[in-house]
Each structure stands twice: as C-alpha cells, then as structure tokens.
There are 2 protein chains.
Amino acid sequence: MKTIFMKKLFSLLLFLSFFGNLHSQTAIKVNQKRLSETLKTLSTFGKNEAGGSDRVAYSSHDMEARNYVKDLMVKAGLEVSTDFAGNIIGKKAGTIPDLKPIAFGSHIDEVPNGGDYDGPVGSLSAIEVVRTLTENKIMTQHPLEVIIFTNEEGGVVGSRALAGQLSQEALQVKSSSGLTQYEGIKSVGGDPDRISELKRNPGEVTAFLELHIEQGGNLDREGIDIGVVEGIVAIEWYEFTFQGFANHAGTTPMNMRKDPMLPAAKLILAVNEIVTSFDGAQVATVGKVDVFPGAGNVIPGEVKINVEIRDLSSDKIHQVYLAIEARAKSLAEESKTELSINHIEVASKPALANPEIQRTIENAAKSLGFSSMYLPSGAGHDAQEMARFAPIGMIFIPSKDGISHSPKEYSSPEDIANGANVLLQTILSLDKQFQ
Amino acid sequence: MKTIFMKKLFSLLLFLSFFGNLHSQTAIKVNQKRLSETLKTLSTFGKNEAGGSDRVAYSSHDMEARNYVKDLMVKAGLEVSTDFAGNIIGKKAGTIPDLKPIAFGSHIDEVPNGGDYDGPVGSLSAIEVVRTLTENKIMTQHPLEVIIFTNEEGGVVGSRALAGQLSQEALQVKSSSGLTQYEGIKSVGGDPDRISELKRNPGEVTAFLELHIEQGGNLDREGIDIGVVEGIVAIEWYEFTFQGFANHAGTTPMNMRKDPMLPAAKLILAVNEIVTSFDGAQVATVGKVDVFPGAGNVIPGEVKINVEIRDLSSDKIHQVYLAIEARAKSLAEESKTELSINHIEVASKPALANPEIQRTIENAAKSLGFSSMYLPSGAGHDAQEMARFAPIGMIFIPSKDGISHSPKEYSSPEDIANGANVLLQTILSLDKQFQ
C-alpha cells in the first residue's frame, strides 16, 4: 500500500513539475526531428531554381503552404479557422474558462527570392509547441492561440488588422503577388470588407510571443543561444533634398556650377559619422539616392537622399536627426544650394517588450541551460502591432552571419529547437504568472 | 571721260572690297530684323505651355519646322533637297565649277522642353547669310551648301551619316519622338537603307562652319561678342562600381556593415577635388548614381557612379582619369569593397578646329569691330562629325548666364546678327583663301 501511495505521490509530483519550478530538471521537449522535417517540407512551396523562396503572400505557393500549415495545426490538436484578414488562427482550450488566451505565432510568407527561416521558424515552432503539449496531455489554464499572420513581409498586414490599423486605403496597396491586399486577403479566404470587426482591445489577449531568427549577427558572432528582445525599434525616414542648378556638363566651368551632388555626398558621409558618434545600438542608413535629371552629361539640378534612423528610443532617434539636420543646413549654406527636408513616418513609436515576459524568457533559457543576451530588434515584426493591445515578448535564435531576406539565411536545427523549447517553457511559466 | 573712268574704277574697287581686305569699311550685313523674325516664327513650332520647345526630332512640330525652313531656303536662292539621312541640303552654285563646296549650317530639333536658340541660331543665320548674298548679287567662287542636320540632339544623327559613322545598329535606337532613328529618318523623307551612300570623303568639302550659342557662360560673363572655337572636346565616361554587401538596415550594426555608399560618396567628392587640381578648362561631372537595391530600408549592395570627363586634350582626360582611378582603388581598399571600372567611349577624340579657319573667324570679328576670345566647345555639335572629313570652324555667340537646353536659354537679336555677320565674312574670306 505504501509503495502504491509513494508511486501515486511520485506521479503527482511529476505531473506538477510540468507546471512548477521543478520543470527545469524534467522539462518536456519539442520533437527536433519533426520540427526540422516540417520546416523542410514548408520550404518546398515556392522554392526557385536559385535556391531562394518565392513564397510571397497570396501567391499559389503561399496558398499551398497555408494548406500544409493548417493540416499541421489540426494534427497538433488545434481548432483551425481563417479570420477576416486571412490570418490562420488555431485555438486550444484552457482549463480556466474565463482567462484570455496566450497567443503566439509568426508568418510563412517570404520576400521575393527570400529564405526558409524568417517567419517559418516561429510559425512551425508555435505549432510544434502545441503538438508537444497535446502529445504530453498537458492542459494550460489559459486558452492557447496560434496565429499565422497574413502577409508580414508586405507590411505586417494580418497583425495590423488585429490591431485595428489596417485602413481601407492600405487594402488598395498592391502586394508582391500583383494582387492588392484587398484581393489577396479575399483569395486566401478572408473578408476584407469586415476587417474592422477584427480589432482586439487591451485585455483581450494575455500575452503575445513570437520566436524569430535574429536577422542580425549578434547572437551568431557572440555564440549565444537565445536573444531576449527588449523591443522593436522605431523607424524614421527623412528625405533630404539639395537643389542646385541643372546645367550642361560640358559647357559649364567647374567654378560656375551649383552642383547639389557635392553637399549630398558630404551628407551621406556625415550620416555615418554622426550616428556612430552616439553611444548605443542606433543605426542610420542611406539606402536610396535620387539624382535629377540623372544623366551622365548633365550637372544634377536636384539630389535627394533618404536617411533612415532606427532605435528603441524615439528620443535618441530625434537627437541623431537633429545633428544630421544641422549638418545638412550648413552643407546647403556653404554650397549655395537649397535644402528641403521631408519627414516620412514609418514606425514612429518603438514597440517595447513587456519586462516580466523578458525576464520569463531569460529564466526559461537559463532553466534549459542556454546562454542568452538582451538585444533590440532592428527589424519590424508582427509582434510590434500586437504590442498595441497586448504585452509582448520575442525570442531570437542565431541567424548565420546575420543574413536574412536572402536564400543564404540559415539557422541550425538545434538552434531552432532550442528556441522552440524556450517558447514552450515561457508559455508554461506565463500560464502560471499571468492570471 | 575722266569722271566716267573714275566712277568705273570706284565701282570696281567697291565690288572688290567685298572679297578683299577692304570689306571692313564696306561689309554687307545680314538683315537683323528678318533674322529675328524667322527665329521667332520657327520657335512657334512645338512651343509648350511652360514656354519651352517640344520640337524633338521626327515629331509633328519638327515636320512643320522643316517645311518652314525649306521655304526659307528656297527664298534665299538655294536649291533644296532632302538626303537619305533626312538632312535638308540647300545648294548654291559658285563661279569656279571644280571647287568643292563651303558648307555651313546647324540643326532645328530641340531636346524635350528645350529652348529657341540652340540649333535655330546657326540654322537660320546660315540661310540668312545666303539670302543676303543673293540679294546683293554676290557669287562666291566655291559652291555654297547649307545643311540642316537631322536629329542633332538625339546623337548628331544627320552629321554622323555624312561622316559614315551611322551604323545599322544606331538606326534601331529609339529617339525622343518614340520612333527609332530608322523610322524617324523615313518619316522626314530620308531613305535609311541607303545611308551608307552618303559618306563623304576628305577633300569633298572645302570647309564646314557652324554658328552656335555658347551654351556656357564665358562670353556672357566677360562681355565678349564672338567666341572662336578651338575645337570640340573629347568626352569619356567611366562607370565606377563599388560592391559591398546588401543587408537589413535595421538589424545590421554600424560596425558590421560593408556599405558601398561610403566609398562612392567619397569618390564623388574626390572627382571634384581632382579635376579642379589640374590647370586648364577640363571638367568632370557625376550626373548619375545608381544604388542597388535602392530601398530606404536596405544597406546597398552596390553603388555605381558615372564620371564624365571632357577636355580638348585626350591626354589631359587620361591624366585626370588616372588620378581618379587611383583614388577609387584606395577607397575600395580602405572600405573593403570590390571596385570595378567600366570605360564607356562617348567621343574619345577631340574634334579640333582648323587653325586657319580659327584665324579667319577672329579676323572677320575684328574687321566688324567685335571683341572675340578663343575657347573650347564643351558641348558636342554636328561640326565634330564633319571634322572627320573636312576642315571645320565654329563661331560662338553669348548665351545668357550660360543656360542651354532649357526654356530659359536666350541670345539677343544683336548678338545673333553679329554671329551671322561673322559667319558671312568668314565664308567670303575662306572663299578666297581656300582654293
């Protein structure tokens, strides 16, 4: 009898350990092999001859991939539906009826000639996590919700819809597939006319988690397993236009020119010098230069350069901008050109990760024996839109040489499984912490 | 009897004075008012709402203008025809049958949204010169030939044909009108299939003269009436490509970038610094910058800049190029980018004006009481192609503020008439000098 009692007690402790502090010793794990295989299968939808992925949103490749992913979700024990924005939603009930869901997921669409990891890693890991829970007959208190977002690469379309940020105007924008967002959403089973009904309000989602490849070289370079994302940076674009006087490149002596190319070239160098003169992880990029008229035999009349600045702090961005602006003004003055500046808001507010979720991710990594570091996300993600109404957290895994949006992007099966296991443990911890 | 003899002697001297050194006191003059009026009428063909001229070659405006000009040529006493390249040719016989013609002319087509003086001044002055000779019943020893060249602005098409430089390939190039050169030439009455028959050989033309607005600010700034052109500069294009590594502008830390925009910006500044460090009138221009992929949120993978260098001396161009090349190489090295250089031959040989013709133009200006200066032509002209088989000379008149290829280009009626009178006297002098 005593033996039976001890056995039962042991079973109970074992069971409890999945939900308690003991889980570090006995943590359930995702099936790495299965996760790798599903990623491999997913990568076949839209693979091009150059080895890249042409699985842009709303393409036939995207449609095939969506069907494959829906099947996987059903196998994982999720109740699957498509919402008005074309997001694939998978639901699993929790043990406490009134709790709001813990949501997690990512996207499966790619940039044209993209890679196999950006999006798919977080999407298939989310499904694998639920499948692992189901196989282990583990019920969480909170309902779980896996979200595979529509057209992330084309402007976080699906998550913007959930945040109530997808305007009718935005729906008319053409996507990489050639279809407008409106047509594309319709083609994947959404109902773009009812998108406003999707808007979720604060309190409706307990937490949102997204696992993603880093898309930068920090983890890979430092040999660190897990990145705890502090937030998604704000992005600001500033278009500096220097106006001189277009003239004949053969007949206008050097000392009679008012060539806007010269202050523009100096500003390009100044942007680099200024952004690196501040402490911190802020970045600034000149990725676009427009020269008018842009002919080899004409001194330009106008040169436009696009300066992008990103940082977790909007204030830091503004400081960097002010220094660049001051330099631009003095360059215009000394070159006797006219300067105009156009501010284009891209994502003017950073999306900060919830501090408790950050600590929970760090602890989950530690409990599994993984090294981790805190870092910002320089790239945009669906999580940034979810942050408008829910506490968010993001988990990064190493991305080889920091390459992304390229057929060359790569994360190892181990690193991916590590990320999925941290996601799993974070969900289990938050399930207890957030009531 | 003595009185009658004296009268006859006086008449003879008066007559001779038109051809001899005495002409300065008694020079016949073009009709400035008529010349102004014909220029004004010509400007109506293709005038757009912004005040610019849309008389691109082969357009309906060009066709109307060609008909107007042909009428003027007939009125001037010329025998008018259109050659296989669509050039309008006007011939007037000379008194010595075996002499080869003295040719002169320019073009009446314009760049899109161009002005009213570039081309028309030389074309209508050439016709006015002949009309003045005809009205004054002056016969030259040499036959005279007025040439209104086809599509100068689209690549000196008509003069290239006469020089035997217009390939079948070049005929397939699209012109600003939308027609290919082949189609365009056909539409204005040429026969592009027989263009090779037009080629003229050295010795077939005694001299070619072109009057033109300066298209630079030298004469206008210095207040000088007439420019004696030393030659038409050679033009070389060099495409410098810096290759770095395209990457995500948000996730790639500043110190992990291999951004080709930085050496490219430095080279733009170096081009200006280097070309002005040499003595002389050479010019260098960066009028075209291509950034790949050219998106505000992507660190460029490749930046291409086009460097154009012009000078009367090919050797000077080469020296300037070598200094720029050396700088480009060291910029690539210090930025760890790959450099490639592509040399595009535009007009690799300068077209030097014949020294005797230069002196004749200078003397003609002096005899009429005009100030003059020697200067190179930084712009290309039909004369450069004519120089391949004939001694050439060019006469420049002031162009306000050096503006050209613009609705703002302007030369005063007096300056234009001065140029036409210098052209007239130069023809009369060469008629005696060149036998």
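The area buried between chain B and chain A comes to about 4000 Å², and carbon and sulfur atoms give 65% of that figure; please keep in mind throughout that this is a predicted model. As general background, the size of an interface is often expressed as the accessible area that is lost when the parts come together. In terms of residues, 53 from chain B are in contact with 52 from chain A.

If we look at which elements of chain B contribute, at least two residues each are supplied to the side that touches chain A by α9 (218-222), β8 (247-248), α10 (261-275), β9 (283-292), β10 (298-299) and β11 (302-311) of chain B. The residues on that side of chain B divide into 23 nonpolar, 22 polar and eight charged.

Let me turn to the sheet in chain B, where four strands in the order β9-β11-β7-β12 form an open sheet with antiparallel pairing. At its edges are β9 and β12 (338-347) of chain B, each of which pairs on one side only, and from one strand to the next the twist averages 20°. Nine bridges pair β9(B) with β11(B) in the antiparallel sense, and within that pairing Val286(B) stands opposite Val307(B) in β11(B). Helix α10(B) packs on this sheet, where it touches β7 (234-243), β9 and β11 of chain B, and its direction makes about 170° with that of β9(B).

Now for chain A, which has an open sheet of four strands in the order β9-β11-β7-β12, again paired antiparallel.

Strand β7 (residues 234-243) of chain A runs antiparallel to β11 (residues 302-311) of chain A, and ten bridges join the two; the bridge partner of Ala234(A) in β11(A) is Asp311(A). Two helices of chain A pack on this sheet. Helix α10 (residues 261-275) touches β7, β9 and β11 of chain A, with its direction at about 170° to that of β9(A), while helix α11 (residues 314-335) touches β7, β11 and β12 of chain A, with its direction at about 5° to that of β7(A).

Note on methods: Residues numbered from 1 in each chain as written. Chains lettered and ligands numbered in written order. Predicted model: local features only at pLDDT ≥ 70, side-chain atom pairs only at ≥ 80, totals over all residues. Heavy atoms only, no water. Pairing = 2+ DSSP bridges. Contact = heavy atoms within 4.5 Å. Axes fitted to C-alpha atoms, helices over the stretch in contact; angles between N-to-C directions. Buried area = accessible area lost by both parts, 1.4 Å probe. Nonpolar A, V, L, I, M, F, W, Y, C, P; charged D, E, K, R; others polar.
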